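Here is a briefing on a single model, written for quick reading. Keep the viewer open and follow the points by topic.

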Amino acid sequence: MRINRGGPAAAGLALCLGALIACNASAEPSGGDGGTVNPPTAGGQASGAPEEDGKDPASGGSSALDGKVIVIDPGHNGGNAAHPSEINKQVKIGNGTKACDTTGTSTNDGYGEHAFTWDVSNRLAKLLRAGGAKVTLTRKNDKGVGPCITERAAIGNRLKADAAVSIHADGSSASGHGFHIIEPIAVGRNSGMVPRSAELGKALRDSYRAGTGIPYSNYLGDNAIDRRNDLGGLNLSTVPKVFIECGNMRNKGDAAKLSSAPFRQRIAESLAKGIETYLT
């Protein structure tokens, strides 16, 4: 995520994850654009209606995900770069103004952050729906523009999401490697969700580290936790929400992992476990 800083189981899911790992080849996306085969549609429209879960009612069992409303925010969008006037429009973020959205970063080989976040988000949505959750993505595809950071936050608020996660990858210097979680700082309307967001952040951090093996960031955050008050997606959220920078796309080692479809499946599985842990 390239943005300027302005200031300081539950057997059901375990079975699902195991099946996905065993059939990983069929779970990989086709083509070279990081898309998924028949990706789930996003519910991030004006109505904000969540997608129904994909769980078979006759299968029995339950998990912490059953009936939970989860919003996944795939950072950026594939059409942003071609529409600078739209994404550069200033919007209010609760304690100032910021650009509507940004283009994001990419690996040195040209794999875009927007494609990475879209792929991981769809993989994650599939896992969560299989566990009984109702999942909404904040954008419909990887060819559009935006939505603005204000709308990304508003979707979670309208749905009264039990948890919201914004998926990103960083674009720091090549020597920087590892992942980190970004948690909110109270700036007004988001103050009530800050404690729960910290719980969500810790659950995701621990699960991500255990599931992917990617180390804590060596350039930002304290034990992979960074707290910020300059991100509209956090400032304007009234539901528990965090960002995750899944690695540094400008670091050769991180980039190789993030560019791998099988590894992106591991990322999604790790995030799904973290969300379930948080909701338990």
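**Helix α4 and its surroundings**

Helix α4 has 18 residues and spans 26 Å from its first C-alpha to its last, close to the 26 Å expected at 1.5 Å a residue. That expected span is 1.5 Å times one less than the number of residues. The model is predicted: local features need pLDDT of at least 70, side-chain atom pairs count only at pLDDT 80 or more, and totals for chains, interfaces and linings use all residues. Numbering runs from 1 along each chain as its sequence is written, and side-chain values use heavy atoms, with hydrogens and water left out.

**Helix α4**
- Helices are DSSP runs of H or I with at least four residues, strands are runs of E with at least two, and both are numbered from the N terminus.
- Of the 18 residues of α4, 15 are buried, so the helix is largely enclosed by the rest of the structure.
- Buried means under 20% relative accessible area, exposed over 50%, and partly exposed in between (1.4 Å probe, protein chains only).
- G132 follows α4 and has a positive phi, near 105°.

**Nonpolar cores**
- A nonpolar core is a set of buried Ala, Val, Leu, Ile, Met, Phe, Trp, Tyr and Cys residues joined through side-chain atoms within 4.5 Å.
- The largest nonpolar core has 42 residues, of which F116, L128 and I167 touch the most other members.
- Elements giving two or more residues to this core include α4 (113-130), β5 (163-170) and α6 (194-212).
- Another core lies apart from it, with seven residues, including I155 and V239.
- Beyond its neighbours within four places in sequence, L128 contacts L65, I70, I72, A133, V135, A272 and I275; contact means heavy atoms within 4.5 Å.

**Aromatic cluster**
- F179, Y208 and Y216 form one aromatic cluster.
- Rings of Phe, Tyr and Trp (its six-membered ring) pair if their centres lie within 6.5 Å; planes under 30 degrees apart count as stacked, over 60 as edge-to-face and the rest as tilted.
- The structure holds two aromatic pairs.
- F179 and Y208 make a tilted pair, 4.6 Å centre to centre with 55° between the planes.
- F179 and Y216 make an edge-to-face pair, 5.9 Å centre to centre with 75° between the planes.
- F179 lies in the loop between β5 and β6 and Y216 in the loop between α6 and β7 (225-228), so this pair ties together parts 37 residues apart in sequence.
- F179 is buried at 0% relative accessibility, whereas Y216 is partly exposed at 29%.

**Residue H180**
- H180 sits in strand β6 (residues 180-184).
- H180 is buried, with a relative accessible area of 1%.
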